[in-house]
Amino acid sequence: MEVLSLLFSGFAQALTFTNMVWLTIGSALGTVLGMLPGIGPSTGIALLIPLTFTMSPDTALVTMCAIYYGAMFGGSRSSILINVPGDGASVASCFDGYPMATQGRAEAALAISAIASFIGGMISTIAFVAIAVPVARFALKFGPPEYFMLMCFALAATAAISKEAMLKGLLSMCLGLMIATVGIDPQSGAIRFTFGLTALQTGIDVVVVIIGVYGLGEVFQNMETIKSEVAIKIQSKFGRIWVTMDEFKRCLPAILRETPIGFFVGVLPGAGGTIAALMAYNNEKQWSKEPEKFGKGEIIGLAAPEAANNACSVGALIPMMTLGVPGSGTTAVMLGALMILGMQPGPLLFEQHADVAWTVIASMFIGNVVCAIINLPLASLLVRILAVPTKILYPAIVAVAFIGAYTINFSVVDFVVLVVLGLFGYFMKKYKVPTSPMILAVVVGASMEQSYRQSMMLADNDPSIFFRGTICWVLFFLTIFSIAWPFISDWRKKRKAAAA
């Protein structure tokens with residue numbers, strides 16, 4: 001009953017005029033940004049963070065969440081119509097979505113992707129309501145040693161999720177931790193790694209890192225192909241965007257099966273929507289009686305990953321809001337933005353700022369409805385945005401990136417830092433070095449260092465404090481398992497191949 005009371009009070013706050021306006025704007029912007037190839041929710045939120053500086057914390061978080069799941073809804077549009085995923089989580093939607101469009105079934109593809117996203121998002125939000133408070137209360141048992149071990153696990157899981165690029169993931173993580181050490185040491189007051197620049201004494205702002213790596217990095221990468229880009233014909237006239245009852249009945253069991261899997265994957269730090277969507281697609285293909293239809297316009301092959309990646313986006317918010325540890329690259333961006341606004345997501349969020357937490361949760365129910373409205377009746381209008389030339393789009397992104405970076409500290413030095421980080425982002429993408437570990441390390445680096453040093457002070461420099469309780473031991477084994485699992489998985493595949 002307590003949870004329902006808090007949820008209803010959250011609905012009362014979420015339905016205020018200001019929150020509803022920004023929720024609708026965020027959902028629409030997220031849908032558009034999700035559609036545009038190469039942008040995605042992380043870059044979208046990074047570029048729009050300056051918009052939230054004048055907002056109250058609850059409105060800012062409602063807006064960022066709306067952009068996040070709006071991008072999950074919109075990402076499949078370009079996958080279906082031009083076979084180019086809006087972001088990584090929409091890759092699986094290309095496999096059957098584009099063949100459906102080429103067969104003249106674009107309307108059914110656009111409709112089922114929105115319906116599956118809606119169902120996946122709503123079921124996951126209900127699950128969020130059920131487990132958020134117990135997880136937050138459990139997290140109150142965490143002290144500095146537990147937090148240090150939790151952050152070690154989050155960083156290891158994010159770096160290791162790259163599988164064959166695990167060493168690159170660890171390198172990316174180390175780079176992020178190095179960036180987090182720039183500035184005045186909060187414990188001793190010593191000035192570290194500022195190169196004599198006074199402007200760097202306060203550190204490198206996490207938002208500048210995010211905008212540089214995601215925003216400028218994406219632009220630099222796409223400049224390689226911008227001249228040779230051939231115009232792609234986009235279908236602009238559609239019939240009624242809907243599916244038949246038979247198609248819906250075929251897809252519903254797959255949607256209900258893959259939603260919990262996507263939600264669970266989202267809760268795991270660093271897993272992300274790409275893994276959830278691909279896992280859902282592979283599951284349905286393996287369980288299907290006619291797997292040969294997949295990749296040739298099988299509607300279930302589109303519905304399953306769409307439900308999973310939306311469920312994943314909701315699941316990724318749970319560790320961010322209850323533990324203060326991002327569940328994905330996008331929630332790492334959101335965590336950094338909230339810290340700038342003076343909010344510290346974590347177990348105390350539900351104790352000290354319950355109104356904010358429950359307003360956000362309630363807004364997720366409303367936001368899924370708004371996104372469904374935007375992506376069904378208005379889909380035929382929105383998809384025309386895909387025809388915007390990149391020669392116009394990318395200069396606009398650069399302008400927004402520089403304006404956003406300058407408004408944080410009003411420092412010209414941030415321009416230089418922004419460009420340098422943009423080049424880092426470009427080379428990381430070019431050589432397939434994952435950026436999520438770096439962003440996560442920048443966001444949690446200062447807190448991780450603080451927790452470590454507090455733990456050592458409590459234990460009089462005895463490192464055994466990190467193994468003093470059950471929670472620490474569990475997190476230690478999870479960290480080791482995260483690093484070891486890619487090697488174990490490869491060994492099992494080689495063994496099966498040898499046996500075959």
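Which residue meets E290 in a salt bridge through its side chain? The partner is K293, with 3.1 Å from N to O, where a salt bridge is a side-chain nitrogen of Lys or Arg within 4 Å of a carboxyl oxygen of Asp or Glu. The model is predicted, so local features need pLDDT of at least 70 and side-chain atom pairs count only at pLDDT 80 or more, while totals for chains, interfaces and linings use all residues. Residues are numbered from 1 along each chain as its sequence is written, and side-chain values use heavy atoms, with hydrogens and water left out.

**Salt bridges**

Side chains of opposite charge can pair when their charged atoms come close.

| Pair | N to O distance |
|---|---|
| E290 and K293 | 3.1 Å |
| R468 and E146 | 3.5 Å |
| R105 and E247 | 4.0 Å |

The salt bridge between R105 and E247 links distant parts of the chain, since R105 sits in the loop between helix 5 (91-102) and helix 6 (106-139) while E247 belongs to helix 10 (residues 245-267), 142 residues apart. Helices here are DSSP runs (H or I, at least four residues), numbered from the N terminus. R105 is partly exposed at 25% relative accessible area, whereas E247, at 18%, counts as buried; buried means under 20%, exposed over 50%, and partly exposed in between, with a 1.4 Å probe and protein chains only.

The pair of R468 and E146 also joins distant parts of the chain, with R468 in the loop between helix 19 (436-458) and helix 20 (470-499) and E146 in helix 7 (residues 144-160), 322 residues apart. R468 counts as exposed at 52% relative accessibility, but E146 counts as buried at 7%. Elsewhere, D185, R192, E449 and R453 are linked in a network of salt bridges.

**The largest cavity**

A cavity is a set of points on a 1 Å grid over the protein atoms alone where a 1.4 Å probe fits but cannot get out, and its lining residues have an atom within 4 Å of a point. The structure holds three cavities of 30 Å³ or more, and the largest has about 60 Å³ of space, a volume being the space filled by probe spheres set on the points, which are joined across faces, edges and corners. Its lining includes W22, L29, L51 and T63, and helix 2 (17-35), helix 3 (40-48) and helix 4 (57-82) each supply at least two of the lining residues. L29 lies in helix 2 and is partly exposed, with a relative accessible area of 31%.

Terms used
On a 1 Å grid over the protein atoms alone, a cavity is a set of points where a 1.4 Å probe fits but cannot get out, and a pocket is an open set with protein on both sides within 12 Å along at least five of seven lines; lining residues have an atom within 4 Å of a point.
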